[in-house]
Amino acid sequence: MSTPVTFWRSVEELRAHADRAVSRDCLAGLRAQGQQPESPSRRDFLSVAGFSVAAAAISACSRGAEQKAIPFLNQPEGMTPGVDTWYATTCGGCRAGCGLLVKTRDGRPIKVEGNARSALFGGGTCAVGQATVLSLYDGERLEGPLWHGRPASWTDIDAKVEAFLSADGARPKRLVLLSRTLLGPATRALIAEWSQGRGLRHVVYEPISLAALRRATLAAFGVDAIPHFRFGRARTIVAIEADFLGTWLSPVEFTRDYASGRRPEESAAISRHIHFESTLSLTGSNADLRVAIAPSEQGAVALSLLRRIARKLGAGDPVETLETTSAARALDIAADDLWRCRGESLVVCGARDFDTQMVVHAINALLGNIGRTVDVDRPSLQHRGDDDAMAGLVEEMRRGEVDALLLYGVNPAYDYPRADEFVQAMKHVPLTISLSDRLDETAALADAVCPDHHFLEAWGDAEPVASFFSLAQPTIAPLFDTRAAQDSLLEWLGRPPDFHAYLRDHWRRTLYPRQQQFATFDEFWDRALHDGAFAPADGATARATRTLTGDWRRSAARLAARAGSVRPEGRFEAHVYETVAIRDGAHANNPWLQELPDPVTKVTWGNYAVVAPSVATRLGITAGDVVSLDGGDIRLELPAWVQPGQSPHAVSIAVGYGRSRAGRVGSGLGTNAFPLLAADGRSPSQASLTITRTGRHEPLAATQTHHSMEGRDIVRQISPAALVDDAGDRREADDAASLWRARPAAEHAWGMAVDLNACTGCSACVTACQAENNVPVVGKDEVRRGREMHWIRIDRYYTGSEDDPATLVQPMMCQHCGHAPCEPVCPVLATVHSSDGLNQQVYNRCVGTRYCENNCPYKVRRFNWFEYASNDRFDFNMNSPLGRMVLNPDVTVRSRGVMEKCSLCVQRIQAGKLAAKQEGRTPQDGDIQTACQQVCPAEAIVFGDLNDPASRLAQLAKSARGYRVLEELGTRPNVHYLAKIRNAPDGGRS
Amino acid sequence: MRAAAVFIALAAAVAPIAVALAAWELSRVGVHQGYAPIQPIAFSHKLHAGDYQVSCMYCHWGARTSRHAGIPSLNVCMNCHGLLTRQTTDIERLKEAVQQGRAIAWTRVHNLPDFVYFNHSQHVIGGVACQDCHGPVQTMERVRQDKALTMGWCIACHRARGPELQLARQATLGRGDPHAPFPGLDCGKCHF
Amino acid sequence: MTPGIAARLHAVRGARSSGVIDERTRLRRITDDVARPLETWPGGAWWACFGVAFAALSLGVGCVTYEIATGIGTWGLNRTVGWAFDITNFVFWVGIGHAGTLISAILLLFRQRWRTSINRAAEAMTIFAVVCAAIFPLIHMGRPWLAFWVLPYPNSRGPLWVNFRSPLLWDVFAINTYLTISLVFWYVGMIPDFATLRDRTAAGARKAIYGLLSLGWNGSHRTWSRYETLCTLLAGLATPLVVSVHTIVSMDFATSILPGWHTTLFPPYFVAGAVYSGFGMVTTLLIVTRSVMHLEAYITDRHLDAMAKVMLLTGSMVGFSYGTEFFAAWYGGNLYEFATIFGRAVGPYAWAFWTMVACNAAAPQLLWSRRVRASVPVLFILSVLVNVGMWFERFVIIVTSLHRSYLPSSWVMYRPTLIEVGTLIGSFGLFFTCFLLFIQALPMIAIWEIKADAAIGSEGAHG
Amino acid sequence: MARQGLVASFADPESLVEAVTAVRARGIKVYDVYAPFPVHGLDEAMGLRRSRLGFVSLAAGAVGLVAALSFQFYANVFDWSLNVGGKPDNSTLAFVPITFEITILAAGLATALAFFLRAGLFPGASAALAAPGVTNDRFAIVLRWTSPRFEAGEAQLILHQRGAIDVRPLEIGAER
């Protein structure tokens, strides 16, 4: 009892003494009324108060004999200390712009969830979205504006900037705004005003560009956007190098749609997914049929597919050349399926090549998918990067034709393929202003840094897909002396720097008229703010489906011509990809994401050169051997990873690593692969690299080191046929006889069901659990030692051959066994069973014998090998008062030497029961959601009460696919699994 | 022989007493019964809650809906003291604090260990009187921790009231096994 | 008295007083020999050994201090392998202890007279070994400062008692009972010798201490007769106790569900192994001690031979158990069991497994030959090998079963850290430090038992 | 009334045993015999009854057994019934090991204590030797009598005949 208190106290302060959070509570109170603090003075006070909170937290760390409790000066209305308040906003984690609900406790955002009201994205989120709340409390964020690297006041900066802009010269100033894709219509309107007023040119830059797809769409359908793909409507999905479930365009929405088409309980005809890619991606690992191709083959595959479809259509072969791709069999199957499902099929392609995209559009058009699965009338506005404009800008800068450059949400000094050129060009720009929230690679070179708010601190809106609008509102007063980018723009435009008012006004003018429901704008606004999402009725009215206009035959011809080129011997094509966790590296300083195991490789903390097993044997490479990749002017050194299913012609490297100025956590991790982007996807001769061993060895921090199921019945996989055959009866007879008399049943019997067919392995649940349950980050070395602390892990197994493996994933958390082996062995009763079926772990009783860990057949228990909170050896979020603000006050932070594990979110269960109690009822099915369930875009996890026969869980537990892992041991798990269905053309034998 | 008997008798008598004392001492570690710190403002619960019959929930309104009963914000004090003319040095200090916008740092009297989740509203709804855990606050000039607030103390009450609560609940629900274990005794009720 | 009687008295005195000298000197020589080390300043050999042992002990203390201050993370354990060196050492030391009790109790019940000159040292060894063992469950806890929570004492938590179903708790009771009873047995055995020492020591501190320890023993035969009953009773209690202790230790594993642990073979297997390792250690110690302390007259080759035979027997039993495990794994047809047991022989820890087999099952077979049993150096090497092998047996059982259990996703490797190695060395340091102090400070051979033994021998000689 | 007695020292156990037998054959009570080790056959010679320590062990063991078993039963069934891995509250089988250990412990300690009590052994007890060296290399017989009519000479003669190397009147100092 004695020791833990020393450091729990700080958490206790953060937890029980929310009353300290004077500032945020005032703001939260105002939030509740949907207002915004008007006077700047008020906002200053709030931001100052932001610091006082941090200060309070620091003081809280000191162990005092007596605890202080500081009440409010004035109790804000509508908020109660210790009670959650939820705000709807829009995610700024990536360009997808998912709707979010943010849980704030005592004015402190501590958890984000998907906004179930959003028609597009539903209640799910991705790992990155989950982790954004931690970025808010990132100590690397700038605490105020900088002028030439030195802290300055906003007034100085504004004066300097405005002076420069209004300096009367011979010619008007040539201003350029270089920004990431801006989803907000209001923001775009504001920029439009700049362009008119100040002749500002807006260049949109995306490190991982989908410009080719957009240009092809423009050429093919006359729409300058990326089509909105509807995976839910497709019964056959063919993807070429598009990781749409993991990183491509809008993963959360796509995962949700994709899973909806693969529920045998809902429709017998589950979709078939055929995938062509170079490295085994999250999406590829879910495919029913997957073929490894070299990046240079993307065009050839698309072309071959087109020819097959064209033949079936009787349109004749568009080109008269020999077929050059190796994947003929798969292509035949794909073509047959696509043809069978014309109009209900979908071909997507991630190639960064115009012609390939044209051909893919042609295929979809020939199949009649346009307007059905490929929506070009209400296209996606999520990715608007323009490579040519960017290249042009760099050239102009170099020539000194740019007077002022505003950098907004971009970091080209790191992620531009020719970063050095950009850096050189920057030197020729008289004034560069970065709006970055931290001193990243680019901001460090800028004259002025005017830190933007974190999106959880800022107002904003978004239109991710045409006519799907969502609002973003602050959930906390700015922690630092930062200013919303839009406010800066307004300020320099000479307008009152109040983007909130601007936003309201914009919505009043543009969106309010598009609805009839509300009589006054305030009502409309309050509802929109409350719901977070708004989809005007008129948006749904689909116009006549577009027809293919562009000249796709010439593209086909060009592809055919290109396909001939040969690969030099001993050379490998560079293939650059994004990882699910780190993406383009913007969140590289987020420890949750760095420690999130890659869904496929299970490696954390750094990138690596992925090579095929055959190549590895040929070159004598084992995982962890540092290899050097040479491609003319480019040379990278990084450890190798041997990946089943990798194309033998390609070596794949993830971008997002090798940051030099990410911050304490992310700097110096891995190697920067962006320089390779220039070569990626081009023809083999352009993209070729050599692989040589350096002789050094650098073990990778993988959380799973054995990849075969060893013939054990752990993850069950069946074919759709089998499902029909033995429908109704469960494979295993229910609980084997027990020596013990059953204990009297309590009111509830909590349990869980995991649908292995819906689960894609995206690992969002891992981060969600980490955020919900204060799971510590342990760092690269400890992960290497096999000590990661995640309460839920995604086991990944391969079956089949090394070159063409089938992948199986299985979320594994505490199974809450009815006859739990961990319980009888604990000498001090630190883990016992609750009346309602939970396997409870009592941290404060645990003395740490680890006997339970040894006796757990599922190995889901996690031991606190060290003090992970407030320990400089583990300098992650839990080591700083700022970072600790993200901790969930309802969950104890565990001390050194105690065991912990999945509690089935017992704090949520208790809260749900209490809520029901307060309303004098019992919890209904669905009232209580675990963190992993709530986050899952595929809705693969269902929590519920097995005692309630009507509950969804009880239904699923009876499913024909239902089984429990290792149930033959008699552990009687309360977690049920539903077998994976592989809808493979050869009946599940792939 | 006699001497030996005396010696052994002594040993036999002393040992158990020593053990009992040790056990008692161990069991009192971290128990602060009777803790009554001096507060920055000598607020008298006897006067307010006792003599003037101000309801507990008027100031500690959080107890109805939240984990925390909460310490009233100064504007709650001023609801009355803004009108009342009576002045004492302590009231002076209060008003001064309000004017200067200074928060008052009260000293917490009832400190549960950090690994215990206690929810006031849950107990208020359950019909537990404030005095059951906080003692006769309405008679205290300076608030004192009246109960031991040990786990054993909590459990004693949960055991005593559990069954009747359970039966009542099952009656309202119309289902449930009367022999079912009382969830209020689960570890996970307070420790997570 | 009448002159007649007086005259006859005189005659008798003359006749008798000659022949008895040798008997008295024989008894006195026994006392002198055994008491010599206690009364003389230790020699260089002793100091050398003590220096080494104490250095090792200090190393261990350092490692344990660091581990407790920093966390179990200083060891090589991970999410899958929760026990390794810690519990391996624990089981190893408990096993060592068993020979002592066996020699002193069981051989007493079986009236094995050869035990008399080694039982005291063996009992001492038991106690030191059990102390070494008891340390590990303590320090392997994540929060050792709360170790007292395993005791069912009245508390303010409900009261919340302990989990009487947990084999670890059984261990707590078994080890403590074992230690207590062994201490009692040991001390009771030494009381007459303390008296002997007291009476041959000149007045002073040492005499006072011996006086206190001897509880006023005066050699009364009425006490002697009860004393022998007491010893028999304690022996009778210690015999089932010693069996129960290692049975319970084996239940730490046998009652789990882990393949490779969950087997009914363990209790007998562990007890045999314990006796085996114990005799190995006794042999090692006595071979060294008798040369260092010049006690060849008492610890004879006959003793060594007897112990060698016990090692041969128990070693063969252990070897048989290994075979049985494999047979059961194959015959039982349990997928997981099979993978684990055969994984030991061919998996990443095969080197440990084969070390174990070589030292435990193969090496002792040499003892069939009388020439090997007669050769002290060979016996010494074998006895050391036995202990190496038995340590590896526990390591193999614990680590290989843990590192690859049911779900391949959680399969990992375990690598010990220097801290763990240092802790193991430290436990040896503690053991030998205690033992060396023992042979300097206490009669390491039961004086009175030797005398009784000798007396019976002489009686036989008298015919 | 004044006590009298004889202390006879012997050098070897055999003559000691003979002497004891002879003395008792003459109907002289042997007060006690002192020896450095339990002399074989002396019990019979002195006609000592078998010690009853065994009953103490049995009783204490029984108490320990009942106490251990009933406490575990009380703690698990009555005081706080917890669901531990679905096992029944009264997992008697699981209680056996601890019960066994406690039984042994109680029996062992009680027997030892009983022995000390009966033998009058305790820390600091004064040890007066009947004759020098009885804890080392000598054996002694102590005779006591109270009646003045006792034939001391005869006793002395027997002792000498049986090999006493020294027979002297008992000093009061040697009394306990």
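I began with Asn844(A), which sits in the chain A loop between strand E34 (839–841) and helix H27 (851–855); helices (H or I, at least four residues) and strands (E, at least two) are DSSP runs, numbered from the N terminus. I am working on a predicted model, where local features need pLDDT of at least 70 and side-chain atom pairs count only at pLDDT 80 or more, while totals for chains, interfaces and linings use all residues. Residues are numbered from 1 along each chain as its sequence is written, chains are lettered from A and ligands numbered from 1 in the order in which they are written, and side-chain values use heavy atoms, leaving out hydrogens and water.

Is Asn844(A) buried or exposed? I found it buried, at 7% relative accessible area (buried is under 20%, exposed over 50%, partly exposed in between, with a 1.4 Å probe and protein chains only). Not counting residues up to four places away in sequence, Asn844(A) touches Phe115(B), His191(B), Arg143(C) and Trp149(C) (contact means heavy atoms within 4.5 Å).

In one of them, Arg438(A) pairs with Asp138(A), with the closest N and O atoms 2.8 Å apart. These partners are 300 residues apart; Arg438(A) is buried at 9%, and Asp138(A) is buried at 10%.

I then noted Glu193(A) with Arg495(A), closest N and O atoms 2.3 Å apart. Glu193(A) is in helix H6 (residues 185–198) of chain A and Arg495(A) in the loop between helix H16 (485–492) and helix H17 (499–510), so the pair ties together parts 302 residues apart in sequence.

Definitions and conventions: A salt bridge is a side-chain nitrogen of Lys or Arg within 4 Å of a carboxyl oxygen of Asp or Glu.
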